[in-house]
Amino acid sequence: MINYIIRRFLILPFILFGVTILVFSMIMMLGPYQRLSTYINDPAQLKGQDMDKLISKYGLDDPWYEQYSRWIGGVVHGDFGWSESAGQPVTEAIFSRFPATLELALFAVIPVVMGGIWLGVLSAVHHNQKFDHIIRIISTIGWSFPTFVFGLLVLMIFYGVLGWFPPGRLSADAAAIIRSAEFVRYTGLNVLDGILNLEINVVFDAFRHLIGPIVTLAIVWWSYILRITRSSMLETLRKDYIRTARAKGVAEKFVINKHARRNALIPVVTVAGPMVLGLLGGVVIVESVFGYRGIGQYAAQAAQQLDYSGILGVAMYFSFLLILINLIVDVSYAVIDPRIRLE
Amino acid sequence: MSKEALVEVKNLKTYFYTEEGVVKAVDGVDYEIYPGETLGIVGESGCGKSVTSLSIMRLVESPPGRIEAGEINFKGTDLTKLSEKEMRKIRGNDISMIFQEPMTSLNPVYTVGDQIIEAITLHKGVKRKEARRQAIEMLQKVGIPLPEQRVDEYPHQLSGGMRQRVMIAMALSCDPQLLIADEPTTALDVTIQAQILELMNSLKESYGMAIMMITHDLGVIAEVSDRVAVMYAGKVVEYTDVDTLFDDPKHPYTWGLMNSIPKLDKDVDRLEAIPGSVPSPLNFPEGCKFNTRCPLAKGKCYDVEPPLEDTDGGHMVRCWRYEHLEEIKKRGERIYEDRGVQK
Amino acid sequence: MEWKEILTRLIKNKLSLFGLIIILFFVLVAVFAPYLAPPRSPEDAYEIPRAGWQVEPQPPREGYLFGTAQGSYDIFYGMVWGTRTAFRIGVIVVGLSSLFGIIIGTLSAYYGGIIDEFFMRITDVFMSIPFLVAAMVLTTILGKGLDNVMIALVTFGWMGTARLMRSQVLEIKNEEFVQASIALGASDTRIIFKHIIANCIFPVLIQAFMRMGSMVITASALSFLGVGAPEGYADWGQMITFARDWILGGQGSALKYWYTVVIPGTAIMLFSLSWNLIGDAFRDILDPKLN
């Protein structure tokens with residue numbers, strides 16, 4: 001396992017370097033004027049200055065590698081330039097919205113992963129029975145549903161008609177409580193802070209706003225996990241060692257939950273990376289549909305307003321996050337599968 | 001034999017209901033296994049020999065498979081009538097089984113020790129620590145060097161022969177009265193095969209259990225069996241003790257099987273081969289099922305299925321024309337065509 | 001397996017037959033678009049005509065079968081011509097990205113070593129930015145418009161195929177018939193085309209079917225997020241964007257403007273669903289044990 005993990009860490013710098021090159025080459029597609037915003041921290045720096053002077057000041061005419069080293073110097077210090085659409089530096093804009101997105105992602109990932117695996121296993125165990133057919137059809141439909149259409153329908157029915165789950169992140173009353181002096185922001189996650197401050201109304205209100213986005217994200221990704229778990233479980237249930245376990249007199253419940261499931265989950269873990277990749281995209285859409293003020297909504301807003309530094313910053317942060325998650329996935333893969341661990 | 005049979009299989013029928021039609025994998029099979037003896041079951045692949053053993057264990061995949069009729073009396077209880085829960089108490093405890101593929105028959109994510117311990121704690125009701133001690137003892141008995149270390153290793157760290165020893169240790173860990181071995185040596189190298197057979201013979205002596213040895217290899221049969229049932233197309237075609245079978249095969253199929261393998265002790269310069277292959281189980285011929293390949297078949301053979309008849313002193317044969325075969329044998333002629341020269 | 005047999009079995013399976021029928025329906029709509037919804041001028045057929053200058057959507061009525069969306073855009077017209085847009089995006093994006101993926105995956109696996117390492121690390125890099133975000137960034141930088149959306153989707157859409165192709169080729173490469181060809185001294189190109197690609201193509205094809213739907217969804221999501229098709233362009237995502245401000249309904253009824261979201265939403269959903277159904281059935285046919 002040591003070798004495997006060392007190798008995994010050795011390619012890490014290459015990937016990081018590659019991503020910065022990829023993002024930088026997209027920056028270089030922009031004209032020098034447009035690129036300016038990725039180098040400054042405050043629009044005041046531009047005031048009363050001649051454009052050509054600015055270009056030479058920031059070296060926007062230099063060869064690309066000089067520009068790259070200057071840009072990467074900023075990136076290393078968390079400096080992604082000024083975001084026009086947010087009216088603040090990109091890093092600040094992203095970090096102020098990070099807790100909101102984290103809260104959404106955490107609450108969505110748990111039902112998606114647990115529910116998907118649970119239903120996938122159940123579907124495989126009842127292979128070709130009615131339950132399995134129904135689950136298959138629902139998951140195919142769920143997987144085919146565009147996130148934004150589903151989100152709009154949720155909003156139309158559960159807010160427009162029923163008035164249950166409003167868009168946004170908090171209603172005015174709850175927001176007022178949060179802004180009050182007594183309320184301590186421990187984590188920035190509304191639900192958690194509400195519990196810690198014993199403000200049941202805040203918890204309730206935060207939940208009410210989270211349900212729409214969570215359901216929307218869950219319906220698509222739940223189908224994805226379910227399908228993978230199901231086929232992996234079906235394959236595992238046909239393995240010889242499952243027959244061995246049965247021949248030993250192990251009860252069917254343990255055959256499935258102990259002998260089969262753990263093996264079936266190995267391939268499921270490997271798709272966790274691509275899933276997070278898609279889930280982060282889904283977050284952008286869901287946050288925009290529900291007007292939920294997080295990083296995704298910021299990305300959409302930046303893109304619409306041609307705020308280049310903003311959207312590039314989001315791309316960089318998201319890819320750092322993704323690289324980190326992939327690393328965790330690969331390591332945990334090695335831990336689950338002794339064949340890799342002991343190599 | 002005067003002793004009471006340990007297992008008595010009577011008119012067992014196990015069918016598979018597939019989309020293409022009903023596959024009569026086992027179609028009216030009778031045999032007995034007495035305490036402490038080894039019954040060999042021999043036949044080509046697809047003759048139903050594995051399905052009979054899975055039927056005894058009640059491990060036939062259902063759907064599509066089902067035990068359609070017959071009795072399996074084990075020490076006076078009909079196994080076909082037991083509930084799944086009662087059956088689980090017998091599996092791995094009174095009757096245990098080892099399989100053809102040692103490479104895939106052990107669960108890759110648990111240590112071999114865990115898998116043996118599971119069987120012990122399941123049936124003997126001992127604590128884990130005691131079970132572990134017994135597991136190590138079992139590994140020692142099956143000839144695994146350094147059992148204290150091996151017990152904590154994963155299957156992929158062991159060779160094929162070692163894994164089959166682990167399977168045997170697991171199967172014998174609860175002192176079964178019957179061990180079903182489904183082609184236990186087919187996947188192994190020839191030298192390892194001999195070791196495993198020798199191990200099984202010596203363990204049979206010390207444990208006093210009965211063995212049901214399923215194989216397509218007459219060499220294996222000669223080495224371990226006391227009595228033999230030859231199966232063809234879901235039926236027993238010849239059933240007698242091992243010496244009689246080899247000295248005086250009465251069914252043309254058995255005769256063909258024996259003369260298709262080279263022998264060192266006899267100076268035969270030509271081998272015979274049974275033409276064609278086993279008919280599709282969806283589409284068995286009328287009359288004797290061997291009539292598509294039998295050089296002696298004529299008249300009645302095409303219309304009426306012969307019964308399993310006692311020819312002399314317990315030598316059972318399912319053939320209309322076995323007497324005819326006797327005459328041919330006396331004349332020293334062959335009934336099948338030459339396969340080639342043996343030098 | 002023969003193509004003919006695959007097709008027969010696709011038709012026999014109820015779910016994939018449903019998918020095939022819907023795809024056929026969309027194909028017919030796309031082909032006969034000029035008759036179903038005659039454009040005002042053939043040059044800008046993709047420009048959705050407007051019924052007037054009213055901002056509020058109007059329900060289905062005479063002459064406007066599906067009603068009009070925000071800005072009085074004719075929903076029926078947008079749906080009909082949007083079908084062509086969907087096929088164009090699907091075919092071009094999936095076709096080009098699969099082609100790149102096949103080339104990179106095959107070269108990677110066939111030559112192995114440093115070439116493999118190089119291509120796979122590049123693949124990793126491209127997979128390190130969330131697909132939708134990467135496509136958004138590139139479209140934003142290149143500028144609005146469907147062509148740029150397609151460029152962005154192809155740029156960041158080939159990696160899945162490359163990885164799949166690589167693993168397929170690695171498997172096939174060690175098969176005896178390929179080894180035999182190599183031993184006989186067949187040229188690389190001959191081996192790659194005759195043996196390897198021919199034997200790896202099915203899984204890639206299944207993946208391509210599945211991607212037809214998801215690419216069209218992504219493209220319409222980009223339109224929805226405001227970086228895709230320009231306003232008034234016949235595109236399903238665009239039609240839903242028109243609905244965005246009206247989903248909460250108006251006086252009297254919360255579902256007053258249902259048609260603005262349900263009609264285009266259903267079209268996108270059915271389009272993607274039918275490709276997925278066909279892909280699923282296809283996989284079951286080729287790999288029956290996983291059905």
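Tutor: Let us begin with contacts: two residues are in contact if their C-beta atoms, placed from the backbone, lie within 7 Å. This is a predicted model, in which local features need pLDDT of at least 70 and side-chain atom pairs count only at pLDDT 80 or more, while totals for chains, interfaces and linings use all residues. Residues are numbered from 1 along each chain as its sequence is written, and chains are lettered from A and ligands numbered from 1 in the order in which they are written.

Student: How much of chain C is buried?

Tutor: Of its 291 residues, 47% count as buried. A residue is buried if 20 or more other C-beta atoms lie within 10 Å of its own, exposed if 12 or fewer, and partly exposed in between, with the C-beta atoms placed from the backbone.

Student: Which residues of chain C does UniProt list as "transmembrane region"?

Tutor: The unreviewed UniProt entry lists residues 15-37, 86-113, 125-143, 191-210 and 257-278 of chain C under that name. UniProt positions are given in the numbering used here, feature names are shortened, and annotations may be inferred rather than shown by experiment. In the model, residues 191-210 of chain C are 100% helix and 0% strand, with end C-alpha atoms 28 Å apart. Residues 257-278 of chain C are 95% helix and 0% strand, and there the end C-alpha atoms lie 33 Å apart.

Student: Switching to chain A, how many helices and strands are there?

Tutor: Chain A comes to 16 helices and two strands, and 46% of its 343 residues count as buried. Its C-alpha atoms fill a box of roughly 85 × 55 × 40 Å, taken along the principal axes.

Student: Where is confidence lowest and highest in chain A?

Tutor: Confidence here is pLDDT, the predictor's confidence in each residue, from 0 to 100. The average for chain A is 83, and 97% of the residues score at least 70. Confidence is lowest in helix α3 (residues 51-57) of chain A, at a mean of 73, and highest in α14(A), at 89. Where pLDDT is low, the predicted coordinates should not be read in detail.

Student: What domains does chain A have?

Tutor: The assignment gives domain 1 (2-88) and domain 2 (98-336) of chain A, with bounds that come from an automatic or database domain assignment. Their C-alpha centres lie 32 Å apart, and 21 residues of domain 1 of chain A are in contact with 18 residues of domain 2 of chain A. On the domain 1 side, α1 and β1 (82-83) of chain A each give two or more residues, and α1(A) gives the most, with nine residues.

Student: How many residues does the contact take from chain A and from chain C?

Tutor: That contact takes 50 residues from chain A and 43 residues from chain C. The largest share of the chain A side, 10 residues, comes from α7(A). By class, this side has 37 nonpolar, 11 polar and two charged residues, where Ala, Val, Leu, Ile, Met, Phe, Trp, Tyr, Cys and Pro count as nonpolar, Asp, Glu, Lys and Arg as charged, and the others, Gly among them, as polar.

Student: And how many does the contact take from chain A and chain B?

Tutor: There, 19 residues of chain A meet 24 residues of chain B. On the chain A side, α11 (240-247), α12 (252-270) and α16 (338-341) each give two or more residues, with the most, seven residues, coming from α11(A). This side of chain A divides into seven nonpolar, four polar and eight charged residues.

Definitions and conventions. Helices (H or I, at least four residues) and strands (E, at least two) are DSSP runs, numbered from the N terminus.
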